[in-house]
Each structure stands twice: as structure tokens, then as C-alpha cells.
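Dear colleague,

After it come a question and some notes to read alongside it.

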Amino acid sequence: MNDLLEKFNQLSDREKLLVSISGALVVIFLFYYVLWSPMNSALEKQRNLVTSKQADLAWIQKNANRAVQLRTGSDTATRFAGSLPQAVNQTASRINITISRMQPQGEELKVWVDQAPFNDVVSWLQNMENQGIRIINVDLAEANAPGMVKVRSLQLGKS
């Protein structure tokens with residue numbers, strides 16, 4: 001350090017001024033690129049994150065009552081107590097859906113439908129849920145005709 005100070009003292013006044021200004025500029029640039037710029041970027045990211053989280057919170061608060069209604073509504077859902085295959089056949093025939101295959105699996109039932117209108121399938125599923133039949137899994141595929149679907153696998157159970 002003493003060697004640097006000696007060399008600095010040997011410089012002319014003009015050179016000392018130039019070295020001092022250059023040193024100050026280097027310190028300013030280092031401060032900006034090492035401290036200020038990364039902190040500013042991190043701060044901007046955090047501001048964006050806060051804005052995003054505030055939007056999520058507003059959505060959650062807006063929909064909280066609906067979630068409570070759905071939760072309490074599911075607790076009071078009707079319990080299905082009859083024959084599962086019989087109920088599925090009755091609801092399907094009411095909506096004019098032809099079941100191609102039905103396979104009981106313990107307390108559950110697997111159903112296949114070759115082709116049916118999509119809207120009818122949705123109505124059928126909703127009708128079964130309203131009766132207390134639990135829909136465990138649904139696998140739909142597009143059929144050949146527009147608006148028609150194949151029920152490749154429908155797994156039902158009692159609520």
C-alpha cells in the first residue's frame with residue numbers, strides 16, 4: 001500500500017487529479033453494477049410478485065363464499081342406496097343413451113357407451129350425481145359424427 005502511495009505522490013498535480021477522478025468513476029461504476037442494479041432488479045421482481053399475489057388474494061376472497069357453499073352442499077349430498085346397475089340403466093334410458101357394456105367391480109361399476117351426443121352424456125352424468133352416484137373416472141373420446149362422443153370408460157360408485 002505504501003508503494004502505491006509513493007507512486008501517487010510522485011505524480012504531477014494534473015496526473016493526481018486524473019487518477020482521483022478515474023478512481024471515483026470506477027467506485028461509482030462498481031457501486032452501480034455490483035450493488036444498485038442487482039438490488040433494483042430484485043426489488044422490481046418482488047414488486048411484480050406482490051402484485052400477482054394480491055390479484056390471487058382478491059380472486060380467492062371473491063370466490064370464498066362460493067367455496068363454502070360448495071363444501072357445505074357436498075356434505076348434505078344425497079346418499080345412493082339402491083342398485084347401481086339398475087339406476088344407471090334407468091337414467092340412461094330416460095336420456096336415450098344406449099349402454100354397450102356394463103361391468104360391476106365390487107361396490108363400483110364400469111360402463112361403456114359406443115356413441116352418444118355430448119350434451120346428453122353431460123346431462124346423464126349430472127343426473128346420476130344428483131341421485132347420489134359418485135363419478136370416479138370418465139374417459140371420453142370423439143366419435144365419428146360431430147357432437148357425438150364415445151364413453152370409453154366410466155367408473156361409478158355409491159356416495
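Does Asn 96 count as buried or exposed? Please keep in mind throughout that this is a predicted model. Residues count as exposed when over 50% of their area is accessible in relative terms, and because the relative accessibility of Asn 96 is 66%, this residue counts as exposed. Asn 96 can be found in the loop between helix 3 and strand 1 (101–105), and its phi is near 65°, which is a positive value in a residue other than glycine. As background for that remark, most residues other than glycine have a negative phi.

Strand 3 and strand 4 together form a hairpin that has five residues between the two strands, and in the turn Gly 147 has a positive phi of about 80°.

The limit for a buried residue is under 20% relative accessible area, and because Gln 155 has a relative accessibility of 17%, it counts as buried. If residues up to four places away in sequence are not counted, Gln 155 touches Gln 105, Glu 108, Leu 109, Lys 110, Arg 134, Ile 135, Ile 136 and Asn 137.

Finally, there is a pair of helices to examine. Helix 3 (residues 84–94) packs with helix 4 (residues 118–130) at an angle of about 140°, and their axes are 10 Å apart. Angles over 145 degrees would count as roughly antiparallel and those of 65 to 115 as roughly perpendicular, so helix 3 and helix 4 are described as oblique to each other. Their crossing is right-handed. On the side of helix 3 the contact is made by Val 88, Thr 91, Ala 92 and Arg 94, while helix 4 contributes Trp 124, Asn 127 and Met 128. Sorted by class, the residues in this contact of helix 3 with helix 4 are four nonpolar, two polar and one charged.

How values were computed
Residues are numbered from 1 along each chain as its sequence is written. This is a predicted model: local features need pLDDT of at least 70, side-chain atom pairs count only at pLDDT 80 or more; totals for chains, interfaces and linings use all residues. Side-chain values use heavy atoms; hydrogens and water are left out. Two strands pair if DSSP finds at least two bridges between them. Helices (H or I, at least four residues) and strands (E, at least two) are DSSP runs, numbered from the N terminus. Axes are lines fitted to C-alpha atoms, for helices over the stretch in contact, and angles run from 0 to 180 degrees between N-to-C directions. Angles under 35 degrees count as roughly parallel, over 145 as roughly antiparallel, 65 to 115 as roughly perpendicular and the rest as oblique. A crossing is left-handed if the near helix is turned anticlockwise from the far one by less than a right angle, and right-handed if clockwise. Contact means heavy atoms within 4.5 Å. Ala, Val, Leu, Ile, Met, Phe, Trp, Tyr, Cys and Pro count as nonpolar, Asp, Glu, Lys and Arg as charged, and the others, Gly among them, as polar. Buried means under 20% relative accessible area, exposed over 50%, partly exposed in between (1.4 Å probe, protein chains only).
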